[in-house]
Amino acid sequence: MKMVRLGGSVILALFMLFMGSQKFGASNPVFSYLAANSGIELFEPVIRTATGVAEIVAALLLLAGVFAGKFRGLGALLSLGVIGGAIVFHLTPWLGINAPVAFAEGGGYEFSPMLFGMAVVFGALSAVLTVMDREHLPLIGKG
């Protein structure tokens with residue numbers, strides 16, 4: 001179990017760092033598409049940036065949990081929340097399972113179900129790690 005916690009935490013942290021780092025800088029096709037389809041302009045760049053910050057914080061908590069286990073559960077719970085939100089948006093007509101993964105040349109988007117698949121896999125890993133470290137979570141475990 002210790003190796004599952006350690007390995008899972010590191011893998012999830014690397015995934016969250018990778019995904020979070022893509023939210024900074026130029027516009028992101030997912031959030032641009034969400035803003036266009038929903039009419040909610042806050043998706044690009046405000047919610048994109050906030051999501052990136054949450055992903056980076058979750059990754060840092062998970063990595064800190066490698067050395068001090070009490071942080072791992074918080075990182076897993078935060079990543080579960082962020083990824084859970086991604087899954088919910090993938091299930092809406094605003095985004096869909098076959099989501100934009102890149103801007104196409106000449107305008108428009110290139111679509112793939114890859115982002116949804118990754119969200120499901122890493123959401124499951126987040127849930128497993130959250131349950132495994134629930135004793136370190138405030139209000140649920142000993143806190």
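Tyr109 counts as partly exposed at 25% relative accessibility, a class that lies between buried (under 20% relative accessible area) and exposed (over 50%), with a 1.4 Å probe and protein chains only. This is a predicted model, in which local features need pLDDT of at least 70 and side-chain atom pairs count only at pLDDT 80 or more, while totals for chains, interfaces and linings use all residues. Residues are numbered from 1 along each chain as its sequence is written, and side-chain values use heavy atoms, with hydrogens and water left out.

**Aromatic pairs**

The structure holds eight aromatic pairs; rings of Phe, Tyr and Trp (its six-membered ring) pair if their centres lie within 6.5 Å, and planes under 30 degrees apart count as stacked, over 60 as edge-to-face and the rest as tilted. Tyr109 forms one of these pairs with Tyr33, which is edge-to-face, with 5.2 Å centre to centre and 85° between the planes. Because Tyr33 lies in helix α2 (residues 29-38) and Tyr109 in strand β2 (residues 109-112), the pair ties together parts that are 76 residues apart in sequence. Helices (H or I, at least four residues) and strands (E, at least two) are DSSP runs, numbered from the N terminus. Phe89 and Trp94 have ring centres 6.4 Å apart and planes at 25°, so this pair is stacked. Ring pairs also link Tyr33, Phe103, Tyr109 and Phe111 into a cluster.

| Residue | Relative accessibility | Class |
|---|---|---|
| Tyr33 | 17% | buried |
| Tyr109 | 25% | partly exposed |
| Phe89 | 29% | partly exposed |
| Trp94 | 33% | partly exposed |

**The largest pocket**

About 590 Å³ of space lies in the largest pocket, where a pocket is, on a 1 Å grid over the protein atoms alone, an open set of points with protein on both sides within 12 Å along at least five of seven lines, and lining residues have an atom within 4 Å of a point. Of the 30 residues that line this pocket, Lys23, Val30, Phe31, Glu55 and Ala86 are the closest to its centre. Helix α2, which holds Tyr33, is among the elements that give two or more residues to the lining, whereas α4 gives the most, with seven residues.

**Thr49**

Thr49 has its place in helix α3 and is partly exposed, at 30% relative accessibility. Not counting residues up to four places away in sequence, Thr49 touches Lys23 and Phe24, contact meaning heavy atoms within 4.5 Å.

Key: On a 1 Å grid over the protein atoms alone, a cavity is a set of points where a 1.4 Å probe fits but cannot get out, and a pocket is an open set with protein on both sides within 12 Å along at least five of seven lines; lining residues have an atom within 4 Å of a point. Grid points are joined across faces, edges and corners, and a volume is the space filled by probe spheres set on the points.
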